[in-house]
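Please consult the sequence and the structure shown below while reading.

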Amino acid sequence: MSEAKKDAAYIRRAVELADLNAVKLAMFHITRDEAFAALPVGPKMDADQKAWLIDKTAAWLEQNAGPADLAEPEEADLRRMMDMVTGIPNGEMEFNLRRDLTGFKEFPYMVDWTNGKPEIPEGFKVAVIGSGFAGIGTGVQLDNLGIPYTVYERRADPGGVWNINRYPDVRVDTISITYEFLFERDHEWSEYFGRGAEVREYLRKVSKKRGVFDKTRFEHDLKQATWDEARNVWKLEFETPNGILKEEANAIISCAGLFATPKVVEWEGQENFKGEIVHTALWNDDIDLKGKKIATIGQGSTGIQMLGALSREGSEVTVFQRTAQWMMPREKYGEAMEPEVQWLVHNLPGYWNWWRYSATSGLFETHGLMQVDPEWQAKGGIVSEANDQIRKDLTAYMTYQLGGRQDLIDKVMPDYAPFSRRPIVDNGWYKALTNDNVELVTTQIKRLVPEGVETVDGKVYEADVFVTATGFDVVKYLWPAQYTGKDGVDLHQKWDEGDGPRAYVGMMHPGFPNLWTLYGPNSQPVSGGPAQPVWFAIWCGYATQCIIKMLETGHAQVDVKQDAYDRYNAELDAEAHKLISMNEVGGVGKNYYVNTEHMRLQVNSPFYSPYYHKLCSKPVWDELEITGDLKVPEAAE
Ligand code: NAP
């Protein structure tokens, strides 16, 4: 199919629909015409400047459109172009985190041997646990290096949480071109924000195409991992349809993820409820909501995303709210990606690269939003000038969406600051509340009764189905697999006896050599920057550098030193206390980020993202212990 032959009107439409900031960068990159560089940052372009850019680009495309890969510019040039996207210069740390976001390299963020591939002892193997985004990306990284590995996946298919989550209207809430592998860029997303099924298919496609699928053992649920100190191997036990399987591996990269174990609430009286109780993460296609009376609880991203669909399907929907949420609109959310834009991605060289950089850049400057400005507070402000402004903007949005209905506004207005929880994209939730068949209840649930849900004031709301969007048990890291490290120490027990799950750079655990937990404790970046798939690649690169070190130096163990772990966690705690999530204005404890028992941040990395990237992308070898002679493990009994 010749993609290039489109008429002038089609081409013009493609450019008009595009991200003009990215168009500007692509055209500058191709032509080096300083007139493009002289244009202001996208949103600041006036109508004449936009028209000029569209004319110039359309004219260029009429002559030259066609697929072509642009080479990564020389570093000084690349820095200049990256700065042109936002108009804010990238410092050294920022540049190091963001340069690969442009995706000019074949395998951005991935790591390589320092001096060619060494001989790998026969029998050496890495066990990758889980085949979601992280597990598949890790498989590709290890495959590129020729390091033997097996992926073990408890479910029958790849996809991780995208395989689990099948509730109505599930989709990503960051634009799909940023929510994909940087080495797999030719996917034609049908919508700007891909639906769950499409993300699932994308992951399956990548897994198959890159050979990870063939190295994945599905329906292998890790139950036990035990470090064999004498032989420097992890002994693994999996539950499989054929019984318990025992395996061994020199190293484990756990990609089991944060969102793996649904938080299924035990409701008082649930045994008496005559209807069906469904958790969103246990959804199946047989669930029929047509014409049913639906009760629903949970206003995280899931519950918010789903309400519109529930109200279209059900005859009546009662929404129970425990904690109100701040919600924001997102441009093109739920919209199909126009064929013109898909064409542009393939036919304007550099557009894909600069679009994904430009789309991500909107999140670069969010760290300050999560911190209190005492000077601003002294002048009567709530958090900081920027955060208070967002509060005003979101309040105006909420008011508009609810048609000014004060009864609803009073109920949905959060009593804590925006950005102290994960920001939520409004998928028509506010609008759905104004539907005649939807009722919002803020009185708390007491119990379930045969005919529905009873609140603490004794009122009963009839329901045929109770849809619970209560999320995941996020702090059950690695659960239910039991990890036993040196001296028989159980990792979960160690965490329980301390103040909950902790790690070094989110991935390493002293006394548990050759184990890296991707998306482990305190690793979810709290502030803006790359979308999650990029972080998986960064973390995987860290773990792989440690494995490379073992293989290149002939050592059998990499462990983190206890004092490095302690120092890292002390710094992390100090940083965490600067965040509004841990502060009264952020409604401390009103989110799963905070462990209220020990009053500490438990899920997020509190660091400024470029600094966090520095910590978790390159091992500091002095903080690690690299010991033992690398030998081939003897065969398991
Ligand atoms: P979540 O964010 O943990 O939200 C759970 C909701 O259930 C909260 O409203 C919570 O109320 C409520 N809840 C929990 N236990 C309850 C109880 N015992 N009684 C009453 N209410 C209870 O879970 P989620 O929405 O499933 O999201 C999980 C993660 O996936 C999040 O990080 C989310 O951002 C992500 N996600 C992303 C997308 C996307 O578009 N990319 C879509 C879905 C989910 P409280 O607030 O009072 O605790």
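In which hand does α5 pass α12? The crossing of α5 past α12 is right-handed. The model is a predicted one.

## Packing of α5 against α12

Helix α5 covers residues 75-86 and helix α12 covers residues 351-361; their axes come within 9 Å and cross at roughly 50 degrees. Angles from 65 to 115 degrees count as roughly perpendicular and those under 35 as roughly parallel, so α5 is oblique to α12.

On the α5 side, the contact is made by Leu-78, Met-81, Met-82, Val-85 and Thr-86. Helix α12 contributes Trp-354, Tyr-357, Ser-358 and Ser-361. By class, the residues of this contact comprise six nonpolar, three polar and no charged.

Strand β1 spans residues 126-129. In general, side chains of a regular strand alternate between the two faces of the sheet. Within β1, Val-126 and Val-128 point one way, whereas Ala-127 and Ile-129 point the other way. All four of these residues are buried.

Strand β1 pairs with β7 (residues 251-254) in the parallel sense over four bridges, and Val-126 stands opposite Ala-251 of β7. Strand β1 is also joined by four bridges to β2 (residues 149-152), again running parallel. There, Ala-127 stands opposite Thr-150.

## The three-stranded antiparallel sheet

A further open sheet has three strands in the order β14-β15-β16, with antiparallel pairing. Strands β14 (445-449) and β16 (460-462) are its edge strands, each pairing on one side only. The twist here averages 25 degrees from one strand to the next.

Strands β14 and β15 (residues 452-455) run antiparallel and are joined by four bridges. The bridge partner of Ile-445 in β15 is Thr-455.

Notes
Residues are numbered from 1 along each chain as its sequence is written. This is a predicted model: local features need pLDDT of at least 70, side-chain atom pairs count only at pLDDT 80 or more; totals for chains, interfaces and linings use all residues. Side-chain values use heavy atoms; hydrogens and water are left out. Axes are lines fitted to C-alpha atoms, for helices over the stretch in contact, and angles run from 0 to 180 degrees between N-to-C directions. Helices (H or I, at least four residues) and strands (E, at least two) are DSSP runs, numbered from the N terminus. Angles under 35 degrees count as roughly parallel, over 145 as roughly antiparallel, 65 to 115 as roughly perpendicular and the rest as oblique. A crossing is left-handed if the near helix is turned anticlockwise from the far one by less than a right angle, and right-handed if clockwise. Contact means heavy atoms within 4.5 Å. Ala, Val, Leu, Ile, Met, Phe, Trp, Tyr, Cys and Pro count as nonpolar, Asp, Glu, Lys and Arg as charged, and the others, Gly among them, as polar. Buried means under 20% relative accessible area, exposed over 50%, partly exposed in between (1.4 Å probe, protein chains only). Two strands pair if DSSP finds at least two bridges between them.
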